Amino acid sequence: TFSSRNIHNIGGNSRMQLMVSWGRYSTISQSKPNNNGATEWFQHLDSIEEEYPHDVDQCPDVFVYLSKAEGNSVRPPCSFYRCSTKMLMERGFGYGPVWITLREDLSLDQLSEGIYPGSVLLQIGMGYPDEWEKYQAKWEQNLKHMTHRTPFQLRCHLFQARHLTATEADGT
């Protein structure tokens, strides 16, 4: 399940893609429009199945890349998320969707100065094939649940602040 907010300045109103990479294997989302800073995929990506050493410390990390799509081609990633195989194996498949904050890929420098690299709501898990069978129905239910919208409202009354410390070295 993927949903992304705060990417208005990354792609304007262009199309965006996510790629999940584990070692030499990867799977890519459909290219979806970025509408005023929000891209919604609501897509289950193909699983990546590979044999690696039993010691998960020896396994490659998992990367999630956000890219702007142009026509049939994809530009280099503008931001990413990295997590270890060990962490994902410890969590297994029972972990629900969470918001992750992406980081700019400084080596490619695809974002202008001061542009927020975005955040993505996703559910990602890793485990053995027999474990997946126990959670597959729950994942499908989560995907359907994410398409339902409920309006919320947040209000804040800010009145005053006193005795604040200076933020600059000169005391201002």
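Let me begin with the lining of the largest pocket, to which strand 2 (15-22), helix 2 (85-91) and helix 3 (129-146) each supply at least two residues; helices (H or I, at least four residues) and strands (E, at least two) are DSSP runs, numbered from the N terminus. Please keep in mind that this is a predicted model, in which local features need pLDDT of at least 70 and side-chain atom pairs count only at pLDDT 80 or more, while totals for chains, interfaces and linings use all residues. Residues are numbered from 1 along each chain as its sequence is written, and side-chain values use heavy atoms, with hydrogens and water left out.

The largest pocket holds about 890 Å³ of space. A pocket here is an open set of points on a 1 Å grid over the protein atoms alone, where a 1.4 Å probe fits, with protein on both sides within 12 Å along at least five of seven lines, and lining residues have an atom within 4 Å of a point. Of the 33 residues that line the largest pocket, Ser47, Ile48, Phe93, Gly125 and Met126 lie nearest its centre. The lining divides into 19 nonpolar, ten polar and four charged residues, with Gly counted among the polar ones.

Now to strand 2, and to glutamine 17, which lies in it. Is glutamine 17 buried or exposed? Glutamine 17 is buried, because its relative accessible area is 11%, and buried means under 20% with a 1.4 Å probe and protein chains only. Its side chain reaches the backbone oxygen of serine 29 at 3.1 Å. With strand 7 (residues 73-74), strand 6 pairs in the antiparallel sense over two bridges, and glutamate 70 stands opposite serine 73.

Finally, serine 67 has its place in strand 6 and is buried, with a relative accessible area of 7%. Beyond its neighbours within four places in sequence, serine 67 is in contact with residues including Arg15, Gln17, Val74 and Pro77.

Notes:
Points joined across faces, edges and corners; volume = space filled by probe spheres on them. Buried < 20%, exposed > 50% of the residue type's maximum accessible area, 1.4 Å probe, protein only. Polar contact = N/O pair within 3.5 Å; in protein donor to acceptor, adjacent residues only side chain to side chain. Pairing = 2+ DSSP bridges. Contact = heavy atoms within 4.5 Å.
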